[in-house]
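Here are some notes to read alongside the structure. Please keep the model open and find each residue as it comes up.

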Amino acid sequence: MSVLLEVKNLKKYFKTPRGPLHAVDDINFKIKKGETLGLVGESGCGKSTTGRVVLRLIEATGGQVIFNGENILDYKKKQMAKFRENSQIVFQDPFASLNPRMSVSEIIAEPLIINKKAKGAAELGKKVADLMDTVGLASRLENVYPHELDGGRRQRIGIARVLALNPEFIVHDEPVSALDVSIQAQILNLLDELQRDKGLTYLFISHDLGVIKHVSNHIAVMYLGKIVEMSDYKSIFANPKHPYTKALLSAIPVPRVDDVKRERIILEGDVPSPINPPPGCRFYGRCFQRQDACKNTDPLLNEISSGHFVACHRCPRDE
């Protein structure tokens, strides 16, 4: 299976009065066509910024974003217009991302009208109706407004709008974090079904490892602008290597009816400032396995086994 998206040494720094804020700092990853990369980490680690930089919703400070073999960071206006049709984003808040003055049908029709994808009102209405049916929205809702609907239906509107231009690649930025658990499952199943039927490729951003496990082929764990571990989802959950990954996994609640207790790793210390990150490993101050080399030398993201990458001095290559 060929690679659709490859990110090389991607950086995004924001200017602040105290100096550049290192939101995304030299990260690398690939996503194959038809697969999902789950990007997970604490709030403020830079995962949402990564998704926006990949789509050029905000401009990168450095690096490359290779899409179908071409660096989109070099694209001119006309090239970007075509790329915009082929790549979309589903936002976290399903209400804030919708125009409250437009009805459901108007919201879904908007990208079709702007990009001239329908010839006449009849064809436009047919495409809107098909999209509503695809995402599970009843036709009786076509003239209602977002404030009249619950969060799950609002998110379905956003997904229908995204699908209007038949994209190949979609960034999902915490698409279910604002929804009830039962509704989360419905939306996740919908996204999975759409991926299978349409061959879509996803970058799925979340802080919830339980959700990430359900949707991802591969997982990248991010900490303070850096990817610290990356592998297929089975390896991440069965054999985590980085101390931060181990701590995240230990925090997943697991219902049990026996007396067996799972070890809970409590991280101590504070997250360093992204404006003035430490010279060595950024996780050093909170790491329960730290050693002297970690304080001054930033570990590289090395492949320690086939397809398993870890940035940790305690995880040498070919471990």
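1. Start with Glu174, which at 8% relative accessibility counts as buried. Look for Glu174 in the loop between S7 and helix H6 (181-198). Glu174 is not a glycine, yet it has a positive phi of about 50 degrees. Most residues other than glycine have a negative phi. Bear in mind throughout that this is a predicted model.

2. Next come the aromatic rings. A pair of aromatic rings is described by the distance of the centres and the angle of the planes. How many aromatic pairs does a search of the whole structure find? The search finds 6. One of them joins Phe67 and Phe169, with 6.2 Å from centre to centre and 55 degrees between the planes, and this pair is tilted.

3. The pair in point 3 links distant parts of the chain. Phe67 is in strand S4 (residues 62-67) and Phe169 is in strand S7 (residues 169-173), so look for partners that are 102 residues apart. Both Phe67 and Phe169 are buried. They also belong to a cluster, in which ring pairs link Phe67, Tyr75, Phe83 and Phe169.

4. Two lysines are worth checking against rings. The charged end of Lys12 sits over the ring of Phe14, at 5.0 Å from the centre of that ring. In another place, Lys213 lies over the face of Phe237, and here the distance to the ring centre is 4.9 Å.

5. Lys12 and Phe14 come up again with Thr49. Thr49 lies in helix H1 (residues 47-54). Its relative accessibility is 16%, and therefore Thr49 counts as buried, the cut-off being under 20%. Which residues is Thr49 in contact with, leaving aside its neighbours within four places in sequence? They are Lys12, Phe14, Ala23, Val24 and Ile58.

6. Pro277 is found in the loop between helix H9 (243-250) and helix H10 (292-296). Pro277 is buried, with a relative accessible area of 17%. Not counting residues up to four places away in sequence, Pro277 touches His22 and Arg282. A further distance to check is the one to Gly225: the C-alpha atoms of Pro277 and Gly225 are separated by 9.9 Å, and the two residues are 52 residues apart along the chain.

7. The last point is empty space inside the model. Rolling a probe the size of a water molecule over the atoms shows where empty space is left. The count comes to 1 cavity of 30 Å³ or more. About 80 Å³ of space lies in the largest cavity. It is lined by 13 residues, and the closest to its centre are Pro243, Cys281, Cys287, Cys294 and Cys312. How is the lining of the largest cavity divided by class? It has 8 nonpolar, 3 polar and 2 charged residues.

Notes: Residues are numbered from 1 along each chain as its sequence is written. This is a predicted model: local features need pLDDT of at least 70, side-chain atom pairs count only at pLDDT 80 or more; totals for chains, interfaces and linings use all residues. Side-chain values use heavy atoms; hydrogens and water are left out. Rings of Phe, Tyr and Trp (its six-membered ring) pair if their centres lie within 6.5 Å; planes under 30 degrees apart count as stacked, over 60 as edge-to-face and the rest as tilted. Helices (H or I, at least four residues) and strands (E, at least two) are DSSP runs, numbered from the N terminus. Buried means under 20% relative accessible area, exposed over 50%, partly exposed in between (1.4 Å probe, protein chains only). A charge sits over a ring if NZ of Lys or CZ of Arg is within 6 Å of the ring centre and within 35 degrees of the ring normal. On a 1 Å grid over the protein atoms alone, a cavity is a set of points where a 1.4 Å probe fits but cannot get out, and a pocket is an open set with protein on both sides within 12 Å along at least five of seven lines; lining residues have an atom within 4 Å of a point. Grid points are joined across faces, edges and corners, and a volume is the space filled by probe spheres set on the points. Ala, Val, Leu, Ile, Met, Phe, Trp, Tyr, Cys and Pro count as nonpolar, Asp, Glu, Lys and Arg as charged, and the others, Gly among them, as polar. Contact means heavy atoms within 4.5 Å.
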